[in-house]
Amino acid sequence: MSILVDRTTRVICQGITGRQGTFHCERALASGTRIVGGVRQGKGGATHLGVPVFDTVSEAMQATQANASVIFVPPANAAEAIIEAVDAEMGLVVCVTERIPVLDMVRVRAHLKGSNTVLVGPNSPGLAVPGIGTLGIMPQGIFLPGAIGIVSRSSTLTYEAVDQTTRNGLGQSACIGIGADPVGGISASRCLELFMNDDRTQGVVLIGEVGGTAEENAAAFLSTLTNPKPVVAYIAGQTVPEGRRMGHAGTIIHYGMGTARTKIEALREAGVRVVSSPAEIGTAMAGCLDQ
Amino acid sequence: MYLFEYQAKALMREKGIPVLEGIVATSEQRALDAARELGEGPWVIKAQIHAGGRAEGRVCDSEHLRGIEFTDTVLEVGRTAARLLGENLVTPQTTRQGETINAVYIEPEIRAELQVFLAILIDGDRGEPVCLASVKGGSQVERDIFDDPNSLVRVSLGAADHIGLDVGQDVAAQLGLRSSVRDAFAQLVQQLHALFVDRDLSLIEINPLAIRANDSLVALDARVTVDDNALYRQPAMAALASRTDRSEAEERAAKNGFNFIRLDGDVGTFSSGAGLAMATLDAVSHLGGRPANFLDVPPVLEVSRVKEAFLLILSDPGIKSLIVNVFGAGIMRCDTIADGLLLAHLEQPVTIPLVMRLAGTNAPLAISRLERSGLSLQFAPDLASGAQMVVEGADRRPATHNADSIAGRLAQWLSGRNPGSSS
């Protein structure tokens, strides 16, 4: 069993010819990720980084049997790129693009309803399964195949958690950056569920941020489980008091959720070990597994 | 991006949403003239800041002056405007520092039979806009709704660009509005939704919406937040952006595309990635250190911009040590950071303790370059030891925990960063 990607995963890149797409696909290919093609409208028929380029996602899928796509398309066109992949019935879509207008993501979410596509992101560093491959921008060379599942809303802090679990020898079963946008694809709760059902995963690191309710929802999900695997969480922005608020509605809609304090309380109540410094993630996880 | 009330009302007026005639004033004289132009009074004078809660808010150093004042005489309009302008207003929705009042908005005061709270914003969980409404509108709306959750009406608006009148009729019915105002209310909800979609808003809020004895509706307040990510296709909204609440250093940072906030501690921080930058502040604060700034440099290829970021931090005379915490990934490579630092050092020699925590892409290359430079540095293998070194380097003072000042300003930036996710 593997999380979202395995040895049969064949990846195409939408936006492969751009600067970002080129840079990251080159590195992913070098590290063994099976990138089998790319999409760039108007450049169909070309070869880039040694793989064929197609005009559309469905052409690329037909020719390469791809079942996953990673998207490096500028924000103005990124939602259309996701929708194109969903319409082509792509199994897994990872969107790295940041700064997509939220109403574009509302359209994407509506499109995802009733489809079988799993969307990771946007505004995500992507996902990595050590030993199999990386889809996105996570750096090579910091991973160690192992037992810890990592799910994170913050790109750079994801690497921090990876680094610490590599140094203490635990390693990672998979690492999923879900992105920090208000409207996105796969939720933190769903990632936790995947890790809870994964034989290889022995413990999970959850990295959250102030704002939104992803962590509270994750806590609610964990509370429904009997005897879950140990979870260590860190919430970035704990030393940040509430700032300028978004009208009354921003407070009312979340009903006393969304702050570092409410997230930490909810997670602790669900049995999660919440650390107060990001430097403690690795040791806390090791401690949980020793018990 | 936040709009002022008068800007939000101008947008609403354009869409046909009923608002009162009002005039913006930035001086006592203009306020006096405005009062005369608007008729006989009484008048309401409203501080224009980028946050709500003004009726509950206090002007610093004043026991009695609030962000919304009512008066009966023209002379008092001028006097009140003069007292408000240039002052800082602190409300439950601002940071503790409050926001400076650079303009007031003057409107006739009217009587409302019923005050409704009405808002549209993004519901992140459902991934679509939602309409929130309550008949408990007014300055106490949050408390009143928390006390009586059943008074909150919540209707999902779906992903389509248009909603039918039936949606507003449903909201009106759930609110229990009398039948003679329901058609007008339903039309208003439809207009608000159209404005929300057309202008790429992340929040539109009317509190209160006055429902008057003659069945007319009028928006007495208006709060609008625009999705920053959509400003590229909303040039008219981008033009309304106010830069008055930024310091010179923050302005300089913004020009270079950095997220920079000056704090009042003495430990400088340099990070790439908002999460890592926040975690760096957390780690320093956790050990009793006081961060001098928040800096998130987005992934860049140009060494010159990295140099600018270092010069910006080093321009703070109060800084006593500096931690560089960078995890190279993607196009952000550690050697770019090292080269930028060395260039900055040539322009302005670095004399304070400097702690480098470099990991990820090209970290070994960066470290070897820095080691050969002769610059006096400490290398930290991880964030925990780096934070320890930099706090010791700042010759740590007795722990005055400074979470408050860390910040309002940081939080302000955060809340602006993700306009759809209200924190």
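At what angle do helix 6 (residues 188–196) of chain A and helix 7 (residues 214–223) of chain A pack, and how many Å apart are their axes? The first legend below takes that up; keep in mind throughout that this is a predicted model.

**Figure 1. Helix 6 of chain A packs against helix 7 of chain A.** The angle between the two is about 35°, and their axes are 8 Å apart. Look at how they pass one another and you get a right-handed crossing. From helix 6 of chain A come A:A188, A:S189, A:L192 and A:E193, and these meet A:A214, A:E215, A:N217, A:A218, A:F221 and A:L222 of helix 7 of chain A. Sorted by class, this helix contact holds 6 nonpolar, 2 polar and 2 charged residues.

**Figure 2. Strand 4 of chain A pairs with strand 2 of chain A and with strand 3 of chain A.** Strand 4 covers residues 51–54 and runs parallel to strand 2 (residues 35–39) of chain A, with 2 bridges joining the pair. In this pairing you can pick out A:G38, which sits opposite A:V53 of strand 4 of chain A. With strand 3 (residues 47–48) of chain A, strand 4 of chain A runs antiparallel instead, again through 2 bridges. Here A:H48 is the residue opposite A:V51 of strand 4 of chain A. Strands 3 and 4 of chain A make a hairpin with 2 residues between the strands, and A:L49 takes a positive phi near 55° there.

**Figure 3. Domain 1 of chain A touches domain 2 of chain A.** The domain assignment puts domain 1 of chain A at 11–120 and domain 2 of chain A at 142–290. Their C-alpha centres lie 27 Å apart. Where the two meet, domain 1 of chain A puts in 7 residues and domain 2 of chain A puts in 8 residues. On the domain 1 side, helix 4 (102–112) and strand 7 (118–120) of chain A are the elements giving two or more residues. Helix 4 of chain A has the largest share of that side, with 4 residues. By class, the domain 1 side comes out as 6 nonpolar, no polar and 1 charged residues.

**Figure 4. Chain A and chain B meet in a contact that takes 59 residues from chain A and 72 residues from chain B.** On the chain B side, helix 14 (residues 403–417) of chain B gives the most, with 10 residues.

**Figure 5. Helix 5 of chain A crosses helix 9 of chain B at roughly 65°.** This view takes in residues 155–167 of chain A and residues 274–286 of chain B, and the two helix axes come within 5 Å. A:S155, A:T156, A:L157 and A:E160 are the chain A residues here, and they meet B:G275, B:L276 and B:A279 of helix 9 of chain B. The contact of these two helices has 3 nonpolar, 3 polar and 1 charged residues.

**Figure 6. Helix 5 of chain B and helix 6 of chain B cross at roughly 120°.** Helix 5 spans residues 165–175 of chain B, helix 6 spans residues 179–198 of chain B, and their axes come within 7 Å. The two helices are therefore oblique to each other. Their crossing is right-handed. Helix 5 of chain B brings B:L165, B:V167, B:G168, B:Q169, B:V171 and B:A172 to the contact, while helix 6 of chain B brings B:R182, B:F185, B:A186, B:Q187, B:L188, B:V189 and B:Q190.

**Figure 7. Three strands of chain B form an open antiparallel sheet in the order 3-5-6.** Strand 3 (58–59) and strand 6 (99–100) of chain B stand at the edges with a single partner strand each, so one side of each has no neighbour in the sheet. Strand 5 (residues 88–90) of chain B pairs with strand 6 of chain B over 2 bridges, in the antiparallel sense. For B:L89, the bridge partner in strand 6 of chain B is B:E99.

**Figure 8. Chain B is assigned domain 1 (21–108), domain 2 (114–239) and domain 3 (248–417).** Taken over C-alpha atoms, the centres of domain 2 of chain B and domain 3 of chain B are separated by 42 Å.

Definitions and conventions: Residues are numbered from 1 along each chain as its sequence is written. Chains are lettered from A and ligands numbered from 1 in the order in which they are written. This is a predicted model: local features need pLDDT of at least 70, side-chain atom pairs count only at pLDDT 80 or more; totals for chains, interfaces and linings use all residues. Two strands pair if DSSP finds at least two bridges between them. Axes are lines fitted to C-alpha atoms, for helices over the stretch in contact, and angles run from 0 to 180 degrees between N-to-C directions. Angles under 35 degrees count as roughly parallel, over 145 as roughly antiparallel, 65 to 115 as roughly perpendicular and the rest as oblique. A crossing is left-handed if the near helix is turned anticlockwise from the far one by less than a right angle, and right-handed if clockwise. Domain bounds come from an automatic or database domain assignment. Ala, Val, Leu, Ile, Met, Phe, Trp, Tyr, Cys and Pro count as nonpolar, Asp, Glu, Lys and Arg as charged, and the others, Gly among them, as polar.
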